Structure formats: structure tokens, C-alpha cells
Amino acid sequence: MAEDLSIINGNREEQYRSLIPQITGLLEGETDLIANLANVSAALKEQFSFFWVGFYLVKNEQLVLGPFQGPVACTRINKGRGVCGASWDRAETIIVPDVDVFPGHIACSSISKSEIVIPLFYQNEVVGVLDVDSDELNNFNEVDQRYLEEIVKLIQLDN
């Protein structure tokens, strides 16, 4: 249950290892996609205090803002634009150590300094992305990629 989310200290890998079973518990038995995306966003934001955590979902050939935690965000993103659009277009995770040097970065907030975007797949098609922003430079690495990719695989996208 959400009330039982346990935030731990430790290195990032230990935090992910503690969080994944809790996210699994949050998702277990819940079939509503929006509710699940909202809880995953909240759990990641609470555990890591990231600047912004949220989902964009593919609708009518655009990424459209879904559940998120953080300040107001861009509502629609075209394929190939910014980090989210590039992740969708390439169908791969993208880690950006400094968003100011990423070609075509969409600055929804000047506070964001680094970013990781993980595509969500359904039947081998990208149907959305998980976008995580930090207010620190170079805040994401292979550990984040491995565990965030594991987390998005937990989300049932066939509802």
C-alpha cells in the first residue's frame, strides 16, 4: 500500500533495490494505467527527491503529458524533439549529463540540469516514456538506467 512506502538512505543502487519491491506492491492488483503511472512517479520522486519525474504517452503521433510529480511541464512533444522525443524516436534510453548541450533540448524549466528518459514498450512499439530530471549536472548513470528500465517493465501497458 502507498501508505507503507519506506524511504531509505544509502547509495543509489541500494535505494533502487529497496524501492522496486515496494513499486511491485503498489502495482499489484491495480489495472488502471494512470493510477499506476502516478504511483510510480510519486515513489521515484519521494525516494530520490528528483526535480521532476513523470510520464509522457504517445497519442496521435505526439508525446502527451501524463502523470507526473514536480513543477508544471511541457504538454506535448513531437517525435525526435528534445530528450523525450529522441528517446521515443530511437526507442532507447537516453542519459543527458548536461541538458544545455543536448541538441534541441526543450527547456520546460531552466532549473533542470540533467535528464534520463526511458521508453515504455508495448508489443515492440514505444507507447510512452518515463522522464526524470535533476537540478544537478551529471546526476544519472548506468545504475539509474538499469533500475529505471526494470521499473518501467513492471508497468502493465495492456489495460
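First, the ground rules. The model is predicted, so local features need pLDDT of at least 70, side-chain atom pairs count only at pLDDT 80 or more, and totals for chains, interfaces and linings use all residues. Residues are numbered from 1 along each chain as its sequence is written, and side-chain values use heavy atoms, with hydrogens and water left out.

Now the names on my slides. Helices (H or I, at least four residues) and strands (E, at least two) are DSSP runs, numbered from the N terminus.

Let's start with helix α2, residues 33–48. It has 16 residues. From first C-alpha to last, α2 reaches 23 Å, close to the 22 Å expected at 1.5 Å a residue. That expected span is 1.5 Å times one less than the number of residues.

Which residues of α2 are buried? They are Leu33, Asn36, Leu37, Val40, Ser41, Ala43, Leu44, Gln47 and Phe48. These residues cover an arc of only 165° around the axis, which puts them on the same side of α2. The arc is that of the directions from the helix axis to the C-beta atoms. Buried means under 20% relative accessible area, exposed over 50%, and partly exposed in between, with a 1.4 Å probe and protein chains only. As background, an α-helix has 3.6 residues a turn, so residues three or four places apart point the same way.

What covers that buried set? The cover includes α1 (12–27), β1 (52–59), β2 (62–69), β5, β6 (125–134) and α4. Contact here means heavy atoms within 4.5 Å.

Next, the loops. Ser49 sits in the loop between α2 and β1. Its phi is near 55°, a positive value in a residue other than glycine. Ser49 is exposed, at 58% relative accessible area. Asn124 is in the loop between β5 and β6. Phi of Asn124 is near 65°, again positive in a residue other than glycine. Asn124 is exposed too, at 74%. For context, most residues other than glycine have a negative phi.

One more loop residue. Glu61 lies between β1 and β2. Buried or exposed? Glu61 is exposed, with a relative accessible area of 60%. The C-alpha atoms of Glu61 and Asn78 are separated by 7.4 Å, though the two are 17 residues apart along the chain.

Now the spaces. On a 1 Å grid over the protein atoms alone, a cavity is a set of points where a 1.4 Å probe fits but cannot get out, and a pocket is an open set with protein on both sides within 12 Å along at least five of seven lines; lining residues have an atom within 4 Å of a point.

The largest pocket has a volume of about 160 Å³. Elements giving two or more residues to its lining are β5 (114–122) and α4 (142–154). β5 gives the largest share, four residues. Pocket lining residues include Phe121, Glu149 and Lys153.

How many cavities of 30 Å³ or more are there? The count is one. The largest cavity holds about 190 Å³ of space. It is lined by 19 residues, and Ile106, Cys108, Glu115, Asp131 and Asp133 lie nearest its centre. β1, α3 (82–90) and β6 each supply at least two lining residues. α3 gives the most, with three.

That's the tour.

Conventions:
Grid points are joined across faces, edges and corners, and a volume is the space filled by probe spheres set on the points.
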